[in-house]
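Here's a quick briefing to read alongside the sequence and the model.

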Number of protein chains: 2
Amino acid sequence: MEVVKDRSLIKELEEIVGPRWVDTDPDRVLSYAGEYTNDAFDQLAPEPVPGSIVVKPEGAKEISEILGVANKREVPVVPKGGATAVAGNGIVTEPSIILVLERLNNRIEIDETNLTVTCDAAVTLGELLEEMESHDKLHFPLHPGDEGAQLGGMAVMNAGGVRAVRDGIMRDQITGLKAVLPTGEIVDFGNSSGKLVKNNAGYDLTQLIIGSEGTLGVITEVTLKLKPIKSAGATLIIPFEERGRAFAAVPAILKEGIKPVAIEYVEKDSIIASAEDLGKDWPARSGEGHLMIILSEDDEEKLYSRAAEIENISQNYGGLNTLIAETEQEQRDLLEIRSHFVLALDNELIDIPDITVPVSELDRIMSEIESLSQEYDAEVTMLAHAGDGNLHPFIMKSDDEDGKISDEFYKFKRKMYEAAISMGGTITGEHGVGLMRKKELKLQYTERELEIMKSIKRAFDPQNILSPGKIFEMEKR
Amino acid sequence: MEVVKDRSLIKELEEIVGPRWVDTDPDRVLSYAGEYTNDAFDQLAPEPVPGSIVVKPEGAKEISEILGVANKREVPVVPKGGATAVAGNGIVTEPSIILVLERLNNRIEIDETNLTVTCDAAVTLGELLEEMESHDKLHFPLHPGDEGAQLGGMAVMNAGGVRAVRDGIMRDQITGLKAVLPTGEIVDFGNSSGKLVKNNAGYDLTQLIIGSEGTLGVITEVTLKLKPIKSAGATLIIPFEERGRAFAAVPAILKEGIKPVAIEYVEKDSIIASAEDLGKDWPARSGEGHLMIILSEDDEEKLYSRAAEIENISQNYGGLNTLIAETEQEQRDLLEIRSHFVLALDNELIDIPDITVPVSELDRIMSEIESLSQEYDAEVTMLAHAGDGNLHPFIMKSDDEDGKISDEFYKFKRKMYEAAISMGGTITGEHGVGLMRKKELKLQYTERELEIMKSIKRAFDPQNILSPGKIFEMEKR
């Protein structure tokens, strides 16, 4: 029976959360069933289906009860955070209970002694950043992109983003999680304070949940490290004629003990196009590609000496005139141009993979993608997190395809994944597997490894009710 | 049948590794069956049993074949690294194949582009540190204690130690692992280069192996991050009259963006005794306890300004005269005195727990342990990694016990664990569960969480042949 037509299920859910928080209105429910979308992307991603129920619990206890009901009735449950993922991680593909977490957003609690912040899972990145703005000493260092992302979602997705060179990814920020298991138990994974930085008691289930894409539990609370604010910041733009030499400059910089917040590589023509689309100015015109290095140091003296060191090192690798943006506004503009990259291309975009290779292989994988793009007649523009080997090849529509995605595109993408793996890389360094990379997971893992992953899923979720079909298909249900 | 008497098993093993690498000599075999030991500790830890076979494979392929044989015959296998663990993690308690990994120690490969080092699993910490000594830019930042520890063991144990404040623990250093699963498959957990810093494809099995204490796989290769060497170092000793205020100074220091390599808290009388035992001098005599802060900065100017900042902050919290050790020799002496702490006490020692609480709870847990030690007539001296909440209460023999461990000791220890957990802590932040904390694991985890852990064990090791009985008992075998 379609979930939404099951009167007794609806009644049970209403008893748990109150009738006000159960929604069966078809349009509103469908609006919760999808995630990031554009014309082309919609052809790649499975279509969200109607027939679900939206339930909005207020906390762990209600979530536990809802999962209890879902288990009893074997109804799928799809948790829904900010819906900012891009691999179909949260798309609802069979009538389900859509567990909308937006009411879990009351608490942002800064702990000045443990240097942590504890947040309800549906607190958004934007809300956290805003709250931290008033703090004079501490901040949350990551910025994986969309500020509508919720912290619980960022945790289960192990979000990364631009600012990962110095401070790492979400995994490195999380000191504790609270969650409801698919079988209904409310747990803290042996870390009831959420503030332990060392815990070697048993298998680390917290680490396992991070990156599990909502398939192993519903996060209700996240505790994150806070980092001291550095007072002096600048963004350097360093043009290079040769991409390979730009990448070679990166380890040379890091080896000197310079730890930028971010090291991005952008192709000149694309970044200038993004700037123009925004009506802004990208300051560099020379070279083929640019390193964009965000520095954040203790004081201005240190900042300038670091900038000078970077300029010197870059020159050894063929770096041209280094440009420095120092004012807040200038720096914000540059980052906005960089972030607008996706939006500027949006109408033309088919897909945004996020393959990752060892830093040493970045130039080689980009050359390989270029030659594949010629072979398969794909238009690709690339953007690399040069500090960590994470590459976004934005794949665009060809003019003659009339909106429909060609078989060549799929072949191209497959070859790209194979190339990344042959270089010791991964099919996804940021976005996860979701619904859209399930086939490719087999390129990277052995049958036995996948079998172990499925057994883990089964251990957490014996009835396969939570986010079923995400990452991999299970035999049951 | 006792494993060592099984002629056909021995023959099969000899065919895999060659007769030279199978050892059945009772004394030599028994010498591989234990780990850290002293008189009292031996009463706590289960006794190593005779009747095993030692096998010394040369690499992954042979390990895979040995595990194949072990599965077929349902013979337990205990991997053996440096045997430097202290929770009975590697003690052989039933006749087994002791898989001695010492031959996996040929390769230490520094990668100057990815800033990593790849080592065979049995390379020791000491060998790695020695190899890195000749490098002018990069080093391996951790030092969990015994330099005889092997890197594979340090990985599965998620070793921590003193130098964890700035650089984190083993989990934070590992970019990749290769392993043989208990079922014989040779795997790289989807990270064939071992050099990925971002991988969001499927569940993170690498993270799961870290801290699994040799129960989920046999590590054959470890790839670790290298960090830039900082050229200016110093060790500060800051005496405090009140322990609580010493701990309160710690977050105040960290909030300023000062990131020491280590922040230790030592009780004055004990550290002076340790110095005397070594025939060395501990420089501070005032206060009840001392913060020992190891700094490592880019240059001398930065070092002195950091030291001055720390001194100022400490004074606000009642810190007395700050002493600075600047020469290499002075600093080495201080660290040696600190490390000698255990050895100085060795003959008196019953147990070295490693409970960990949020940093904010350190003073409270230490007060609680003091009052418990009175209640149960236990002599305890404490040493805290004040930067991360990890506490070592060294529990000593009472004079009147005549070598035998009293019931009071067990009661005391139980109460101590309960107190740590009630403050949001863990029963073990460093040493793991091994054989000696299996009962206490139930204090920290729910039945359901433990059931999930056991299912994970079963997924990796359906026959329960690898390190059986470590962490928890399984039903099978």
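Chain A is split by the domain assignment into domain 1 (3-103), domain 2 (108-228), domain 3 (232-346) and domain 4 (349-439). Keep in mind that this is a predicted model.

**Domain 1 against domain 2 in chain A**
- Taken over C-alpha atoms, the centres of domain 1 and domain 2 of chain A sit 23 Å apart.
- Domain 1 of chain A brings 15 residues to the contact, and domain 2 of chain A brings 16.
- Between them, these two domains of chain A bury about 1200 Å², with 66% of it on carbon and sulfur atoms.
- On the domain 1 side, Leu67(A), Thr84(A) and Asn89(A) lose the most area to domain 2 of chain A, together 33% of what that side buries.
- As for polar links across this interface, there are zero salt bridges, but three residue pairs are in polar contact.
- Helix H4 (60-73) and strand S3 (77-80) of chain A each supply at least two residues of the domain 1 side, and H4(A) gives the most, with six residues.

**How the two chains relate**
- Turn chain B by 180°, with a shift of 0.0 Å along the axis, and it lies on chain A with an RMSD of 0.0 Å.
- That's the relation of a two-fold axis.
- The same surface serves both copies, and 99% of the contact residues of chain B recur in chain A.

- Glu213(A) isn't a glycine, yet has a positive phi of about 60°.
- You'll find Glu213(A) in the loop between helix H8 (205-209) and strand S10 (218-225) of chain A, buried at a relative accessible area of 5%.
- Asn464(B), also not a glycine, has a positive phi of about 55°.
- Asn464(B) falls in the segment after helix H16 (447-460) of chain B and counts as buried, at 5% relative accessibility.

Notes:
Residues are numbered from 1 along each chain as its sequence is written. Chains are lettered from A and ligands numbered from 1 in the order in which they are written. This is a predicted model: local features need pLDDT of at least 70, side-chain atom pairs count only at pLDDT 80 or more; totals for chains, interfaces and linings use all residues. Side-chain values use heavy atoms; hydrogens and water are left out. Copies are superposed by least squares on the C-alpha atoms of residues with pLDDT of at least 70 in both. Contact means heavy atoms within 4.5 Å. Helices (H or I, at least four residues) and strands (E, at least two) are DSSP runs, numbered from the N terminus. Buried means under 20% relative accessible area, exposed over 50%, partly exposed in between (1.4 Å probe, protein chains only). Domain bounds come from an automatic or database domain assignment. Buried area is the accessible area (1.4 Å probe) that two parts lose on being put together, summed over both. A salt bridge is a side-chain nitrogen of Lys or Arg within 4 Å of a carboxyl oxygen of Asp or Glu. A polar contact is a pair of N or O atoms within 3.5 Å; within protein, one must be able to donate a hydrogen and the other to accept it, and residues adjacent in sequence count only if both atoms are side-chain atoms.
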